[in-house]
Amino acid sequence: MGRSYGDAVAALNTLQTNSAVIDSICKAGISLNKQAIPEMIEWCRRVGAIHVAGTKGKGSTSAFASSILCQYLPSPTQPHPLVKKIGLYTSPHLRFVRERIRINNEPLPEETFARYFFETWDRLEESARSRGEPTDKSAKPSYFRFLTLMAFHTYISEGVDTAIIECGIGGEYDSTNIIVSPCVAGITSLGIDHTQLLGNTIEEIAWHKAGIMKAGVPAYTVVQPPAAEEVLFKRAKEKSVNLSVVHDHPSLEILKLGLEAPFQHANASLAIELVSTYLKTHHGTNPSCPIITPTSLPSEFQRGCEQVRWPGRCEIRREKGIAWYIDAGHTLESIRLAASWFASRISPTPSQSSSSPSPLPNRPRVLLFNQQTRDAPALARALHSTLVASMGTSLGTVHPFTHAVFCTNLTYQDDGYRPDLVAINSDQAKVAALEVQKALKDTWLQLDGSTEVEVKGTIEEAIRWVRGVAQKGGSEEVEVLVTGSVHLVGGFLEVLEGGKG
């Protein structure tokens, strides 16, 4: 085996769990997920961290926290630095797997990723060999667990001051929950997701998310549904944790956040509390330690909130004739938020600005959508109903899109997946047959028969089709919403930036 970044990605992909195994885990129930913790404790050491769980916004909250902390790194504008290195571990990735493990907001360079990958890989094989056990795939944890182990190895080797660690799924039995004593814990907005592993009710899901709280460690959460909040506070009491609810910080109203959607204020406010607690805990006696008040923020916090970048979340990109509105919403709650954000940003046509709004959108608007593993039709219906409610009020139309295209998450027509984007957790027979995409087409036509709908086998073909719509549309800028899946958005950005679209 070679030792390049490409070799590391290829080896990592062998640790993915295929759809058949995932189905068996789901049918067996939650108990199998408990295996994650003893397995990871055996392989990993503790590291001080800011630990973040939640259903919606945990990646954005982690990004805000990292961006704020990075304002205290040594720089010409920071004469009194409080930190030297900050880790950030998130999932899933968009284009490159090395995006998951960041230092000072930058993904690991390919050479660095490969080095730490094979150090981890080799140590696992050496451990198995010393016990007289096979050194094959059985000697390594699964994909996410391996990356979690590798991330901790990286951060310990690099000597980071702290790391913001985003949970994968849940909290109580998540592979990241080997952190014995975090600096602080944060729980973002909760909703229904990953029901096969976490349960079908908000109370069950809240129980899992609360698992990251540790005795004596401060914890924060945002405003939650009452049933979820009750569970969180009950578990906090059982764990001897001081849990506080964070409300939107008023200073954010006058800032232009790097993630602009209104719902990001809650994520930024939670990040502010997490970072403030970390700095007070570790640098409270330093005269340079910032003071946060209920009405004001230090300039570093303001810059961190404004400069945060998190591609694929409430992001707008433009090319000739097209405005791409990109958000990786993939749960019922997040798809509704993505729809509201899109509706708030799109432009009315002249007829929609008049006193007699048109019942049909004159401006071309396109939906580019996929969701391969969840209830895709339910997400499509939630997207449509939210858009109709929002656009009916603001633009006077009950037809959100003139066109829609449903595609798989396969990246390129000729080359297939980019190696970093290979995913075997979907039923490949269903992918090849475009089963989900055809069902989405039928669902959308039932919702709005006026839409011109297409089905494509790859993201590259879908983008090419959208560009064809734009070329036929004349001088009007075509507004395109790209949503439904992190994997779709990652492949979309790969095609857009890779220049093969």
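Trainee: Why is Tyr-72 called buried?

Mentor: The model is predicted, and local features need pLDDT of at least 70, side-chain atom pairs count only at pLDDT 80 or more, while totals for chains, interfaces and linings use all residues. Residues are numbered from 1 along each chain as its sequence is written, and side-chain values use heavy atoms, with hydrogens and water left out. Buried means under 20% relative accessible area, exposed means over 50%, and partly exposed lies in between (1.4 Å probe, protein chains only). Tyr-72 has a relative accessibility of 2%, so the residue counts as buried.

Trainee: What makes the pair of Tyr-72 and Phe-301 edge-to-face?

Mentor: A pair of aromatic rings is described by the distance of the centres and the angle of the planes. Rings of Phe, Tyr and Trp (its six-membered ring) pair if their centres lie within 6.5 Å; planes under 30 degrees apart count as stacked, over 60 as edge-to-face and the rest as tilted. A search of the whole structure finds 15 aromatic pairs. For Tyr-72 and Phe-301 the centres are 6.2 Å apart and the planes stand at 75°, so this pair is edge-to-face.

Trainee: Why is this pair said to tie together parts of the chain that are apart in sequence?

Mentor: Helices (H or I, at least four residues) and strands (E, at least two) are DSSP runs, numbered from the N terminus. Tyr-72 is in the loop between helix H4 (58-69) and strand E2 (86-89), and Phe-301 is in helix H11 (residues 299-307), so the pair ties together parts 229 residues apart in sequence. Phe-301 is also buried, because its relative accessible area is 0%.

Trainee: What makes Lys-140 a charge over the ring of Trp-121?

Mentor: A charge sits over a ring if NZ of Lys or CZ of Arg is within 6 Å of the ring centre and within 35 degrees of the ring normal. The charged end of Lys-140 sits over the ring of Trp-121, at 4.2 Å from its centre. Trp-121 also belongs to one aromatic cluster with Tyr-5, Phe-113, Phe-117, Phe-118 and Phe-146. Elsewhere, Arg-235 lies over the face of Trp-207, 4.1 Å from the ring centre.

Trainee: Which of the two terms, buried or partly exposed, applies to Asn-104?

Mentor: Asn-104 counts as partly exposed, because its relative accessibility is 25%. Asn-104 is not a glycine, yet its phi is positive, about 55°.
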